[in-house]
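Please look over the sequence and the model shown here before reading on. The briefing below is meant for a reader who is new to this structure.

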Amino acid sequence: MFVVIFGRPACPFCVRAKALAEKLEGAGAIQGFRYVDIHEEGITKADMEKTIGKPVETVPQIFVDQAHVGGFTEFDQYARDQEWLTASV
């Protein structure tokens, strides 16, 4: 599985999502991840809404194998549901 995280600088949930992806990658639960800084890449809220197919109010926005999972909370829950995690990050 490959994870893509769309985030922005100084976003605490983006930092947590990246840390979780690093932990999962280190544990071998995912094959890798890519963090995309939406400001650096010039990605707008409208661009993300087109990709996701629904309104986007917050970042991070996270995809696992191109399937939209949601934000950090949903990603954390997804990892737990997959039994990739047993303890809080």
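This is a predicted model: local features need pLDDT of at least 70, side-chain atom pairs count only at pLDDT 80 or more; totals for chains, interfaces and linings use all residues.

Residues are numbered from 1 along each chain as its sequence is written, and side-chain values use heavy atoms, with hydrogens and water left out. Helices (H or I, at least four residues) and strands (E, at least two) are DSSP runs, numbered from the N terminus.

**Aromatic rings**

- A search of the whole structure finds 3 aromatic pairs, where rings of Phe, Tyr and Trp (its six-membered ring) pair if their centres lie within 6.5 Å, and planes under 30 degrees apart count as stacked, over 60 as edge-to-face and the rest as tilted.
- One of these pairs is formed by Phe6 and Phe63, and it is edge-to-face because the ring centres are 5.8 Å apart and the planes stand at 80°.
- This pair links distant parts of the chain, since Phe6 belongs to strand β1 (residues 2–7) and Phe63 to strand β3 (residues 61–64), 57 residues apart.
- Phe6 and Phe63 are both buried, a term that means under 20% relative accessible area, whereas exposed means over 50% and partly exposed lies in between (1.4 Å probe, protein chains only).
- Tyr78 and Trp84 also make an edge-to-face pair, because their ring centres are 5.6 Å apart and their planes are at 70°.
- Within that pair, Tyr78 counts as partly exposed at 24% relative accessibility, while Trp84 is buried, with a relative accessible area of 18%.
- Lys18 lies over the face of Tyr35, at 5.3 Å from the ring centre; a charge sits over a ring if NZ of Lys or CZ of Arg is within 6 Å of the ring centre and within 35 degrees of the ring normal.

**Two helices side by side**

- The axes of helix α1 (residues 12–26) and helix α4 (residues 72–81) come within 9 Å and cross at roughly 20°, where axes are lines fitted to C-alpha atoms, for helices over the stretch in contact, and angles run from 0 to 180 degrees between N-to-C directions.
- That angle makes α1 roughly parallel to α4, given that angles under 35 degrees count as roughly parallel, over 145 as roughly antiparallel, 65 to 115 as roughly perpendicular and the rest as oblique.
- The residues of α1 that meet α4 include Phe13, Leu20 and Leu24, and those of α4 that meet α1 include Phe72, Phe75 and Ala79, with contact meaning heavy atoms within 4.5 Å.

- Leaving aside neighbours within four places in sequence, Val4 is in contact with Arg34, Val36, Gln61, Ile62 and Phe63.
- Met1, in the segment before β1, is partly exposed, with a relative accessible area of 30%.
- Leaving aside neighbours within four places in sequence, the contacts of Met1 include Ile30, Gly32, Val64, Tyr78 and Trp84.
- Gly71 is found in the loop between β4 and α4 and is buried, with a relative accessible area of 12%.
- Not counting residues up to four places away in sequence, Gly71 touches Pro60 and Ile62.

**Backbone details in the loops**

- The peptide bond from Val59 to Pro60 is cis, with omega near 5°, and Pro60 lies in the loop between α3 (45–52) and β3.
- Ala10 has a positive phi of about 65° although it is not a glycine; this residue is placed in the loop between β1 and α1 and is exposed, with a relative accessible area of 77%.
- Gln66, in the loop between β3 and β4 (67–70), has a phi near 70°, a positive value in a residue other than glycine, and counts as exposed at 77% relative accessibility.
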